[in-house]
Amino acid sequence: MSAYAMVTVTVKDPETFNSYREQAGAAMAKHGGKPLHVTRGEARVIEGEIDTPDVTVILEFPDRDHANAWITDPDFAEVHALRRASGISNIILM
């Protein structure tokens with residue numbers, strides 16, 4: 001069964017975030033992931049009290065095991081480190 005992840009990023013360092021974006025696709029593809037929807041600067045909170053991220057992405061993976069393999073793959077640790085260094089990021093596996 002497909003698994004979905006919601007990634008949010010509040011960008012503090014645009015240059016580092018751009019470096020991350022250039023490399024992120026290969027990491028996802030290796031584990032069968034693909035972006036279903038990307039929002040840049042268009043998200044807005046319609047209920048609750050959270051900060052609105054600069055970037056929100058919904059990812060689809062073949063299953064939860066593939067999603068977990070993507071986030072823990074040592075070959076892509078530096079790619080994930082770029083995302084974290086670029087600002088505040090959160091990933092929720094649904």
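User: Is Asp75 buried or exposed?

Analyst: Quick caveat before the numbers: this is a predicted model, where local features need pLDDT of at least 70, side-chain atom pairs count only at pLDDT 80 or more, and totals for chains, interfaces and linings use all residues. Residues are numbered from 1 along each chain as its sequence is written, and side-chain values use heavy atoms, with hydrogens and water left out. Buried means under 20% relative accessible area, exposed over 50%, and partly exposed in between (1.4 Å probe, protein chains only). Asp75 has a relative accessible area of 59%, so the label is exposed.

User: Which residue does Asp75 pair with in a salt bridge?

Analyst: A salt bridge here is a side-chain nitrogen of Lys or Arg within 4 Å of a carboxyl oxygen of Asp or Glu. For Asp75, the closest N and O atoms of the pair are 3.0 Å apart, and the partner is Lys30. This pair links distant parts of the chain, 45 residues apart: Asp75 sits in the loop between α2 and α3, and the partner in helix α1 is Lys30.

User: What is the closest N to O distance between Asp73 and Lys30?

Analyst: Asp73 is buried at 7% relative accessibility, while Lys30 is partly exposed at 45%. The two form a salt bridge, and their closest N and O atoms are separated by 2.8 Å.

User: Where do Glu60 and Lys34 sit, given that their pair links distant parts of the chain?

Analyst: Their side chains meet in a salt bridge at 3.6 Å, N to O. They are 26 residues apart, with Glu60 in strand β3 (residues 55-61) and Lys34 in strand β2 (residues 34-40). Strands (E, at least two residues) and helices (H or I, at least four) are DSSP runs, numbered from the N terminus.
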